Amino acid sequence: MSVARGTIAGMTSIDERLVHETAAEYGVPGPVAQELMARSRPCLYLVPHQEVPVSRRENVRPVARTGGLPALPVGVEWPEGREPLVLSVDCAALPQDVLDIELPADGHLLFFTEIEYPPESSVVLHVPAGAHTTERAATYELNGEAMQVRVYEPLTLYPVAGLTFDNEWQEGPQTRAFLAGGGDEDALDSFEEAVLDLAAGGECPGVCVQIGGFSDPWDMAPDEGELVLFAQMAGQAIDYNVFTMNLIVGTREDIAARKYDGLQYEQQC
């Protein structure tokens with residue numbers, strides 16, 4: 001990722017000078033800090049209000065909601081698999097010029113998937129701004145039998161712009177040389193954590209919803225090759241008792257063109 005005017009691309013809260021000063025505090029050489037920045041991507045964390053860093057709480061506005069029932073336009077039905085609605089994102093309310101993937105400028109993104117068990121189907125829908133919508137019921141009929149979709153408790157979420165790193169950034173030549181020469185691995189990890197906190201304006205969020213950036217998987221990273229992370233949702237961010245990591249990836253081109261039927265879904269637990 002390119003760096004312009006001394007600032008990490010997509011970020012305004014942290015610059016090269018601050019990263020290098022932080023590296024010096026932890027005994028990390030400048031070339032290693034450069035490798036870290038070169039393998040970074042911006043993201044948006046979506047968190048409850050009490051988890052927004054204090055430095056960013058003033059004027060923060062809600063941008064998303066977990067759970068609840070979907071409001072869909074006339075003629076658009078609940079997706080065929082009847083997976084629950086887990087996330088609704090107000091695209092117009094998202095901070096602008098943060099992400100390096102292209103999201104709709106307005107309307108709502110609705111995420112339907114199963115977070116408790118591996119989903120049989122998953123769908124992302126974009127509801128355009130101004131569309132006349134009605135909230136759909138959780139009950140439906142299947143073969144003459146009354147059925148009900150799982151409805152997760154609604155929780156309002158707020159944005160925190162942050163930074164993510166390639167999970168293999170420490171494999172860079174300068175970093176490998178630093179570690180091979182006796183460099184302190186714990187200090188390197190602490191440096192990485194400090195930069196994450198600086199980028200977030202406070203303590204970097206943990207269990208949350210994340211839009212864009214590099215994935216933070218529990219297993220193999222699905223954002224490899226041409227695939228980039230669209231969103232990841234920790235199960236506990238939707239339901240406190242669910243311990244899964246749900247990842248959605250796609251190509252930059254499909255994401256920009258809103259070809260959400262081409263997205264790929266993976267659940268790790």
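R41 lies over the face of F214, with 5.5 Å to the ring centre; a charge counts as sitting over a ring if NZ of Lys or CZ of Arg is within 6 Å of the ring centre and within 35 degrees of the ring normal. The charged end of R82 likewise sits over the ring of Y140, 4.1 Å from its centre. The model is predicted, with local features needing pLDDT of at least 70 and side-chain atom pairs pLDDT 80 or more, whereas totals for chains, interfaces and linings use all residues. Residues are numbered from 1 along each chain as its sequence is written, and side-chain values use heavy atoms, without hydrogens and water.

Three aromatic pairs occur in the structure (rings of Phe, Tyr and Trp, the last by its six-membered ring, with centres within 6.5 Å; planes under 30 degrees apart are stacked, over 60 edge-to-face, the rest tilted). The ring centres of F230 and Y260 are 5.6 Å apart and the planes stand at 40 degrees, so this pair is tilted. The pair links distant parts of the chain, 30 residues apart: F230 belongs to strand β14 (residues 227-234), and Y260 to the loop between α6 (252-256) and β16 (264-268). Helices (H or I, at least four residues) and strands (E, at least two) are DSSP runs numbered from the N terminus. F230 and Y260 are both buried, that is, under 20% relative accessible area with a 1.4 Å probe and protein chains only. Ring pairs join F111, F230 and Y260 into a cluster.

Key:
Buried < 20%, exposed > 50% of the residue type's maximum accessible area, 1.4 Å probe, protein only.
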